[in-house]
Amino acid sequence: MKTALLFFVLLFSGVLSAQTIDNPSFKARSGSISNITRIERTSENTRLYIHAIFRPHWWISMDGDEYLEDADTGKKYMLKSAEGIEIKKEVYMPASGTMDYVLVFEPLPKETKTIHYISPSGDDWNTFDISLTPQKGKKISPLQEIKGNWYRADISNRWEYGVYDSVSIMENQIFTNESIRKKGKRIELTAKDKKTGETASVVFTKQKNGNYKIQINGVNEYEYTQQSIPAKAAASKKDFQQFFHSDTTYIQGYIDGYDPRLKFETGLIYLENVVTGESYPTVVPIAPDGSFTCKFLISHPIESAITLGHSWISFFIEPGQTLTMYIDWESVLARSRARSYNEPSFKTDYMGPSADLSYLLRDYDELYSFDYGDLAKQQKTLSPSQYQEHMKPTFAQWESIADSVIRANETSSKAVHLIKNKLAVQMAVPCFEFLMGRDYYAREDTTNQVLKIKEDASYYDFLKKMPLDDEVLLADNQTGVFINRFEYMDPFDQRSASGTGESMTIILTYPKKPLLTFLKEKGVKLNAEQEAIRLKHEKLAGKSVSMSFDEHKKENDKLAELYKKEEKLVQEYGNLYKEIISDEERSRDELSREYAEDARKDSIITALCGRKNPVMWQIAKARALNYRLKNIKTREIASEYIDHMKQSFTIPYLSQEADRMLNLTHPENKETSYQLPKGKAADIFRNIIKNHPGKILFVDFWATSCGPCRHGIETTADLRKKYKDHPEFQFIYITGEKESPKGAYNEYVEKHLKGEASYYVTETEFNYLRELFHFNGIPHYELVEKDGSISRENVDAYNLSNYLEHRFNSPQSETKEP
């Protein structure tokens with residue numbers, strides 16, 4: 001009997017007995033649609049019970065290539081079958097938004113303690129370091145006792161300590177944990193400041209009510225709780241004393257739940273100088289321990305956001321400040337999973353001088369919502385005046401919300417100021433957006449009569465209620481959008497200042513030698529009507545005049561057939577005109593048109609806004625400086641233009657920025673290119689262009705999801721054929737995995753960029769390239785000289801053909817007529 005018993009013990013000693021782990025813990029995951037609620041292990045298989053959470057009526061799918069991986073050995077255990085869900089099929093979520101199913105994998109060895117759940121074709125499903133050890137009965141470590149965020153028990157929403165796996169946050173600084181031990185009721189933590197290297201000693205003493213008293217370096221002992229108490233009001237603060245002042249600003253913090261295996265190493269802050277329109281995207285490097293820090297220069301307080309993938313985590317900060325942020329990765333995943341901006345915001349905490357305003361503005365944004373789906377519907381069905389009536393209840397609700405927030409924060413003049421401005425901007429932007437969309441729909445549907453109804457001047461009465469002379473508007477994160485819509489609003493293109501619906505007025509400068517006169521000298525016979533127009537142009541030669549667009553169009557229509565017939569002579573005239581007109585004359589012609597155009601627009605602004613030259617209009621004009629200066633060839637005339645513009649600026653900061661733009665576009669040293677600075681971003685770029693030595697490179701940063709990008713690529717197709725295999729020139733295309741999903745990228749390249757130098761980089765690499773070349777939006781173009789320096793020439797997709805013809809005279813291999 002003993003012999004038989006020993007035989008059975010030996011036979012089954014390597015076989016795993018049934019084991020169940022409920023709600024297994026894990027270290028990190030890339031998505032929260034798939035939630036593992038139970039793992040059952042037997043000698044026959046491993047069963048993962050999945051509770052899926054996703055948007056109702058949206059589909060999910062399993063590709064069948066999922067597997068479990070032993071964290072210690074790396075061995076894979078493949079998916080065998082599924083219960084409650086079909087493999088390789090789009091399965092739609094029920095109205096509840098939840099679904100339960102089971103995935104059956106190959107059995108795991110009994111010695112396996114930790115696994116990864118991997119879906120090779122779907123990065124949003126991966127879960128790392130899943131523990132197969134039951135949690136019940138496990139001894140809690142000292143770190144687990146004090147891990148998390150700690151808030152002052154006597155001050156609402158005051159986050160002052162954070163303790164995590166390997167880092168801690170205190171006194172608005174980030175520390176690396178060095179040691180932790182428990183002595184009776186006290187837990188002692190020793191940590192080293194990541195920036196200064198100084199050591200801090202922190203003592204946690206548990207209280208009867210479950211809170212802890214925390215003391216750092218033997219001073220300032222207060223009671224803390226891990227339950228955040230929502231603040232009733234922002235801290236009492238005076239209003240902005242000096243709004244414009246430049247200083248370095250620091251954003252730092254910790255992402256709870258981060259792991260390098262999540263396949264992103266950086267975040268990005270899409271900074272913009274609203275006054276000049278310049279972009280300053282700033283990379284936020286994320287350390288393997290989840291901490292991050294970055295610095296940047298700002299000239300006034302800003303409301304902005306850190307982007308992690310497609311998620312935006314907001315903050316408010318002023319020049320010279322340091323703001324520390326705690327970001328809960330699970331809350332980021334939950335909002336991403338919901339696929340809706342109406343979901344509750346991320347669990348974020350703030351520490352630093354502007355923490356209270358960061359909380360306030362984040363929470364205020366949660367209180368109101370705007371239905372863009374409704375906007376699209378109303379654009380097609382309502383006239384402008386009807387839309388404003390339609391929006392009155394919504395605007396009234398927003399005003400009521402703002403009034404409540406203002407009353408709650410009346411002791412903080414700064415908070416009240418920001419909320420009032422935010423309300424003004426959020427009510428103005430939809431009024432502009434409504435008109436922009438209607439233009440598009442009117443082109444798509446020419447039979448829709450409501451789309452033919454134009455707004456009158458009274459539509460813009462909302463501008464008279466706005467604080468357009470308040471520079472603090474620049475702190476709001478939507479003011480950049482407002483000013484963009486403001487500077488390009490319809491009255492500048494479709495109406496006179498009176499709003500009577502007259503044709504657009506344009507400024508036209510006539511050349512000293514008219515085209516018709518040139519054609520006549522070349523022997524072209526003009527009919528009576530054309531001759532009359534020629535004589536008119538002779539009288540106006542060298543003058544700038546104001547006329548209606550309709551008048552100009554009718555005249556051009558009369559000459560269109562002649563110009564088409566004499567196309568070669570027209571082109572010859574164009575080339576001759578460029579040669580005989582000096583840069584100075586051309587620049588002065590440009591300035592005369594700009595001055596006349598500015599005067600026309602100033603009168604429209606005065607009529608619509610009820611005031612002359614408001615500060616926001618000054619900023620709109622300052623934003624146009626970069627473009628206008630690039631069209632002026634000489635520094636002398638550019639300086640004259642800047643001096644003229646500065647006369648209308650009432651804020652010294654605008655004049656300072658105007659001078660800076662002049663030095664950027666017309667530097668005294670007249671460098672035609674510049675060398676890239678040393679650093680990670682430049683190394684990424686050089687690693688790409690090294691494959692094309694000795695060539696001038698036209699670099700196109702693009703994305704499959706970007707319509708203008710695709711348009712630029714497709715309209716230059718013939719140009720690429722023309723310059724294919726040119727010994728001195730090469731097209732380069734760069735996009736990132738976040739901007740262009742792999743499937744869409746491969747499909748587009750196969751159709752439109754086959755055989756071209758196309759580079760597909762990681763999200764982190766594209767972030768660094770954004771920072772290196774200062775672009776938030778795409779498409780973005782750069783011209784690289786043969787020596788690797790970056791050209792200062794303003795070359796874009798629309799003027800590339802002219803640049804190449806001028807640079808190379810003619811391509812090496814042109815397509816010949818058969």
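Q: How do you know that contacts in the protein chain join residues at least 24 apart?
A: Look at contacts between residues at least 6 apart in sequence: 68% of them join residues at least 24 apart. Bear in mind that this is a predicted model.

Q: What makes up the protein chain in terms of helices and strands?
A: The chain has 25 helices and 35 strands. Its C-alpha atoms fill a box of roughly 125 × 70 × 55 Å along the principal axes.

Q: What share of the protein chain counts as buried?
A: Of the 818 residues, 49% do.

Q: Why is the pair Arg47 and Glu83 called a salt bridge?
A: The cut-off is 4 Å between a side-chain nitrogen of Lys or Arg and a carboxyl oxygen of Asp or Glu. In this pair the closest N and O atoms are 2.8 Å apart, so the pair qualifies. The two partners come from distant parts of the chain: Arg47 belongs to strand 4 and Glu83 to strand 7, 36 residues apart.

Q: What makes Glu318 and Lys414 a salt bridge?
A: Their closest N and O atoms are 3.0 Å apart, and the cut-off is within 4 Å, so the pair counts. This pair also links distant parts of the chain, 96 residues apart: Glu318 is in the loop between strand 25 and strand 26, while Lys414 is in helix 7.

Q: How do you know whether Glu318 and Lys414 are buried or exposed?
A: Glu318 has 9% relative accessibility and Lys414 has 11%. Buried means under 20%, so both residues are buried.

Q: How do you know that Asp469 and Arg611 meet in a salt bridge?
A: The N to O distance is 4.0 Å. Asp469 has 45% relative accessibility, so the label is partly exposed, as exposed needs over 50%.

Q: How many salt bridges are there in the whole structure?
A: A search finds 55.

Definitions and conventions. Residues are numbered from 1 along each chain as its sequence is written. This is a predicted model: local features need pLDDT of at least 70, side-chain atom pairs count only at pLDDT 80 or more; totals for chains, interfaces and linings use all residues. Side-chain values use heavy atoms; hydrogens and water are left out. Helices (H or I, at least four residues) and strands (E, at least two) are DSSP runs, numbered from the N terminus. Buried means under 20% relative accessible area, exposed over 50%, partly exposed in between (1.4 Å probe, protein chains only). Contact means heavy atoms within 4.5 Å.
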